[in-house]
2 protein chains.
Amino acid sequence: MRILIGIDGGGTKTRTLAVTQDGTILADLTTAGSNINHHGWAGVEESLFALFEQVRTHVPSYANVASLCLGFAGIDREPDRVRMEQWTAAQWPGAQVSVVHDARIALEAGLPPDAQNRAGIVLIAGTGSVAYGRNAAGLEARVGGWGYLLGDEGSGYDLGRRAITAVLRAYDGRDPQTLLSTLVLSAYGVQEPTELLPIVYGESTSRGQVAKLARLVIEAAAAGDSVAQGLLDSGAGELAALVVALLKKMNFTARHVPVVLAGGLFSTGSPLIELLASRLPDSVELRPGQPPVFGALRLAREGR
Amino acid sequence: MRILIGIDGGGTKTRTLAVTQDGTILADLTTAGSNINHHGWAGVEESLFALFEQVRTHVPSYANVASLCLGFAGIDREPDRVRMEQWTAAQWPGAQVSVVHDARIALEAGLPPDAQNRAGIVLIAGTGSVAYGRNAAGLEARVGGWGYLLGDEGSGYDLGRRAITAVLRAYDGRDPQTLLSTLVLSAYGVQEPTELLPIVYGESTSRGQVAKLARLVIEAAAAGDSVAQGLLDSGAGELAALVVALLKKMNFTARHVPVVLAGGLFSTGSPLIELLASRLPDSVELRPGQPPVFGALRLAREGR
């Protein structure tokens, strides 16, 4: 029995799937994050070592682990990729091991089975935002993803931060009143806009928590609030610009370019998807993304 | 001989002037910052204590320190103001002491001598931005100044950050090429836009350093770069919006409302001043600000 293992190593959690060649799931594990930028090499190797021990308990002793693919957030430089690949290969003698960055597995997880040479684009909008593409020649490119101060436009954090700013600007009388004031103050359990400052600037508030306010923007927009609608519109415009820049950069000539939508901001029913579609050329085919770990599994199956 | 003392206590430095009643300067000292939010009460009291010792060495023993006014960044809450006032009064028995926030002394430093009841607006654009006004009835209000994540629109940091973002967006192919790329990369001594990320997100880069890039925006705009011109335009629009909101909020009815321009972004010859003027009503009279410490001195002289 040949076993395939796919791993999605993110900043906050790592998901691992071990399946048989015929698709039976032997293990579906979620463990701590494994981004080397957050946890360091020693930390990541330690948690992967523990994870591998755990995986082995789910794999029959007579089985042969044929192939692993690991997609990591934080693995952007080639030396890091090679180092992680060699370290992992040493833990699984005889198995084929590939390490890729996380956008690659997110793309794979949403590509149609017949995608020409695995070419396409993935647009990730969670706490941050980034677009990554791969053309039929295997050329890769990335647009955006420059982080919360310089980029991540249209991301959950960006929308959440703009929602708070809109509340403060309305309070100042610089911008129109907005339903977001009630929603944001109530989400944080405070009475006055000025009470938002120690929350946002306080060390105990993560960017992920600010990103959760994005759902309030969607809620207020649905209720007809024009400030919130403006935020969603401009967010969708920023996300579309990532894809458009990538289409141009990679000289995509395919008649249908699959664009996989990944990340929490695209959860089912999000009005962002429709706003996005209206800003993209007809050649683009928006597709929902499966969890990225399935992309890792697909790459493991193909032995690359 | 009666002595007046004015102090401008900022985040990075504290400037102190001690003058005789007839205007002779006895001491002009610049010492460490004294923002309680940055340095804590103990730290600020310690450095003020040392400062006062130093001031005393410049004041003849037969002189009478009649009045002190201290303007502090970071003193926004009334209990903090009173606490600082009482602590300072205890250091200067017999003197009249007033503690105000830093925008108040910046306003005083630029008001015309005949300003009706000391009414007017000060627009501060340095690393951050904020507008503060006081009407003829003594009512005060503030607009903006919500910090680098939520506000400070049109400030030096805002312009500098947007300059870096423009470089990254041009690199991505999302926005037009700009002269800012050459200027910003060269300012940091790097070759590639991606090298800007560890600089901006690194702990050793202060917001003040990013704010210094604002001069590159002015330089590129002067050279005809349309991206930089767009950044200046929108910055001026944001600064004007602070003043306009304040005019409305305070129901300013005076025919001429003095608006004092303070902070490094308004240094002589800045194109921002003209851009700003074109966006403000004719009733507004833009005025250059003297260093805020002179405003503290004026309040000390008037005994308030």
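## A facing pair in chain A

In this predicted model, Gly133(A) stands opposite Ala141(A) in strand E8 of chain A. The strands involved are E7 (residues 129-134) and E8(A). They run antiparallel. They are joined by 5 bridges.

## The sheet of chain A

Strands E7 and E8 belong to an open sheet of 5 strands in chain A. The order is E8-E7-E6-E9-E10. The pairing is mixed. Strand E8 (140-144) and strand E10 (284-288) of chain A stand at the edges. Each has a single partner strand, so one side of each has no neighbour in the sheet. From one strand to the next, the twist averages 20°.

A helix lies across this sheet. Helix H10 of chain A spans residues 226-249. H10 lies across strand E6 (120-125), E7, E8, strand E9 (257-262) and E10 of chain A. Its direction runs at about 150° to E8(A).

## The sheet of chain B

Chain B has an open sheet of 5 strands, in the order E3-E2-E1-E4-E5. Its pairing is mixed. The edge strands are E3 (25-32) and E5 (96-101) of chain B, and each pairs on one side only. The twist averages 10° from one strand to the next.

What is the sense of pairing between strands E1 and E4 of chain B? Strand E1 (residues 2-9) and strand E4 (residues 64-72) pair in the parallel sense. Their pairing extends over 8 bridges. Here Ile5(B) stands opposite Leu68(B) in E4(B).

## Helices on the chain B sheet

Helix H2 (residues 78-91) of chain B packs on the sheet. It touches E4 and E5 of chain B. The direction of H2 makes about 150° with that of E5(B).

Helix H12 (residues 292-301) of chain B also packs on the sheet. H12 touches E1, strand E2 (13-20), E4 and E5 of chain B. Its direction makes about 140° with that of E1(B).

## A helix pair in chain B

Two packed helices are described by the angle between their axes and the distance between the axes. Helix H6 (residues 180-188) and helix H9 (residues 214-222) of chain B pack at an angle of about 150°. Their axes are 10 Å apart. The crossing of H6(B) and H9(B) is right-handed.

Which residues meet in the contact of H6(B) with H9(B)? From H6(B) come Leu180(B), Leu183(B), Val184(B) and Ala187(B). They meet Leu216(B), Val217(B), Glu219(B) and Ala220(B) in H9(B). The contact residues divide into 7 nonpolar, no polar and 1 charged.

How values were computed:
Residues are numbered from 1 along each chain as its sequence is written. Chains are lettered from A and ligands numbered from 1 in the order in which they are written. This is a predicted model: local features need pLDDT of at least 70, side-chain atom pairs count only at pLDDT 80 or more; totals for chains, interfaces and linings use all residues. Side-chain values use heavy atoms; hydrogens and water are left out. Two strands pair if DSSP finds at least two bridges between them. Helices (H or I, at least four residues) and strands (E, at least two) are DSSP runs, numbered from the N terminus. Axes are lines fitted to C-alpha atoms, for helices over the stretch in contact, and angles run from 0 to 180 degrees between N-to-C directions. Contact means heavy atoms within 4.5 Å. A crossing is left-handed if the near helix is turned anticlockwise from the far one by less than a right angle, and right-handed if clockwise. Ala, Val, Leu, Ile, Met, Phe, Trp, Tyr, Cys and Pro count as nonpolar, Asp, Glu, Lys and Arg as charged, and the others, Gly among them, as polar.
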